[in-house]
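Here are my notes from a first pass through this one. Have a look at the structure, then read on.

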Amino acid sequence: MAPSNNMDAFRELLASSRHIVAVAGAGLSAASGIPTFRGAGGMWRKYNAISLATPEGFKANPSLSWQFYHYRRETALRAQPNNAHRALSAFSLPTIRQQISPGSTFTLITQNVDGLSQRSNDQIAAMFPEEGNTADEKLQLIEMHGKLFDVSCTAKDCRHVEYNTKSPITEALGGTELLVEHGTLDPDIPLEDLPRCSKCGSLARPGVVWFGERPFHLDDIDKLVEKADLCVVVGTSSTVYPAAGYAMEVQENGGKVAVFNLDRSEGDEEADYLFLGPCEETLVQAFGLTIPENGKISVNTPSE
Ligand code: OAD
Ligand code: ZN
């Protein structure tokens, strides 16, 4: 059966679901001005993922890989969360979710490394201080591909990880974000001028998961996916595993799947619900939220 695009029916399903997970990808941050990977203007249309986002590529030329990640750090630092992040953050907040889907649990599993969901969670939690919601304790977020702002030591006997939002991260990388935009990377930044471990001085790398590496928190994710009865898939092409397999797993266990994407994506014909359009609009509708420019987010009453 073709997926339904009936928002009211989805809202009813949401209201009766007990264990909800969302699986997000680059489309979630598109409205914040962060380029996606595979769509129009996507990073992997201009750049080779193997040379920039694999352990082998980094080893062969850390300078190129660092310029790519420096560019992405600078872009993410200047970006702001959009209404899709906000809608998910609001739904993460127990006091809001209680009004939409009483008694449910919710975890956002994101493939994004830009940190925008965490920033959005912090901002939304700060809007509701009286409920004692703190982003860390109550808003369940898993960044399965790591964080752009984690910097990890490459030395086997150190592996020190440091959260670092310095801009630029090293002097030598300063300005190279413009080269990335023009598609002409400088292959020759000396190793000693690239980011180094603050503990042992070895070459550091971005604390993200590259192709061929094991994503973070897989055990926690497996447990959540195992018990989920609703999987909300947001802004991902659903081509990179394991994330791409979670929706089908939920369905195989008898749960439902709802896809929110600008365009058609891999396997979406199997979804129970498919909402085509910008997720910064469709998610806000789907959760039935009002998100004012300035002021507190609220849940619409049924007549609205
Ligand atoms: P992709 O670039 O593969 O897919 C982005 C998806 O977002 C596409 O399906 C677009 O149609 C959709 N999209 C774009 N703008 C949107 C909007 N405003 N609202 C809703 N949908 C929108 O990115 P991912 O699926 O995240 O991994 O890619 C998965 C992984 O592959 C990434 O985490 C990264 C990448 O290579 C690594 O680097 C290891
Ligand atoms: Zn070190």
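Predicted model: local features only at pLDDT ≥ 70, side-chain atom pairs only at ≥ 80, totals over all residues.

1. I'd start with the strands. Strand β1 (residues 19–24) and β2 run parallel, with six bridges joining them. On its other pairing, β2 runs parallel to β3 too, this time through three bridges. If you want landmarks, Ala24 has Thr110 as its bridge partner in β2, and Leu108 stands opposite Leu141 in β3.

2. How enclosed is strand β2 (residues 105–110) by the rest of the structure? Largely so, because five of its six residues are buried. Thr105, which sits in β2, is partly exposed, since its relative accessible area is 32% and the cut-off for buried is under 20%.

3. While you're at Thr105, check its link to His19. They are 86 residues apart along the chain, yet their C-alpha atoms are separated by 4.9 Å. Setting aside residues up to four places away in sequence, Thr105 touches His19 along with Arg18, Ile20 and Arg97.

4. Next, Glu143, which belongs to strand β3 (residues 141–143). Its relative accessibility is 11%, so Glu143 counts as buried. What does its side chain make a polar contact with? The partner is the side chain of Lys147, at 2.8 Å. Beyond its neighbours within four places in sequence, Glu143 is in contact with Thr110, Asn112, Gly115, Gln118, Phe216 and His217.

5. His145 deserves a look of its own, as UniProt lists it under "active site" (unreviewed entry). It is placed in the loop between β3 and β4. Is His145 buried or exposed? It counts as buried, because its relative accessibility is 14%. A polar atom of the His145 side chain lies 3.3 Å from the backbone oxygen of Gln111. Not counting residues up to four places away in sequence, His145 touches Gln111 and also Thr110, Val113, Val208, Val209, Pro215, Phe216 and Val240. Thr110 and Phe216 turn up in the contacts of Glu143 and in those of His145, so it is handy to view these residues together.

6. Take Cys153 and Cys158 in turn. Cys153 is found in strand β4 (residues 146–153), and it counts as buried because its relative accessibility is 2%. Leaving out residues up to four places away in sequence, it touches Cys158, Cys197 and Cys200, plus Arg159, His160, Ser202, Leu203 and Ala204. Cys158 lies in the loop between β4 and β5 (161–163). With 26% relative accessibility, Cys158 counts as partly exposed. Apart from neighbours within four places in sequence, Cys158 is in contact with Cys153, Cys197, Lys199 and Cys200.

7. On to ligand 1. How many residues surround it? There are 23, and the closest are Phe37, Trp44, Thr236, Ser237 and Asn261. Thr236 puts a polar side-chain atom 2.6 Å from an oxygen atom of the ligand. Asn261 has a side-chain N or O atom at 2.6 Å from a ligand oxygen atom. The backbone also takes part: a polar backbone atom of Leu262 is 3.1 Å from a nitrogen atom of ligand 1.

8. Last, helix α14 (residues 279–287). Its buried residues include Cys279, Thr282, Leu283, Val284, Ala286 and Phe287.

Key
Residues numbered from 1 in each chain as written. Chains lettered and ligands numbered in written order. Heavy atoms only, no water. Helix = DSSP H or I, 4+ residues; strand = E, 2+ residues; numbered from the N terminus. Buried < 20%, exposed > 50% of the residue type's maximum accessible area, 1.4 Å probe, protein only. Polar contact = N/O pair within 3.5 Å; in protein donor to acceptor, adjacent residues only side chain to side chain. Contact = heavy atoms within 4.5 Å. Pairing = 2+ DSSP bridges. Near = heavy atom within 4 Å. UniProt positions renumbered as here; feature names shortened; annotations may be inferred.
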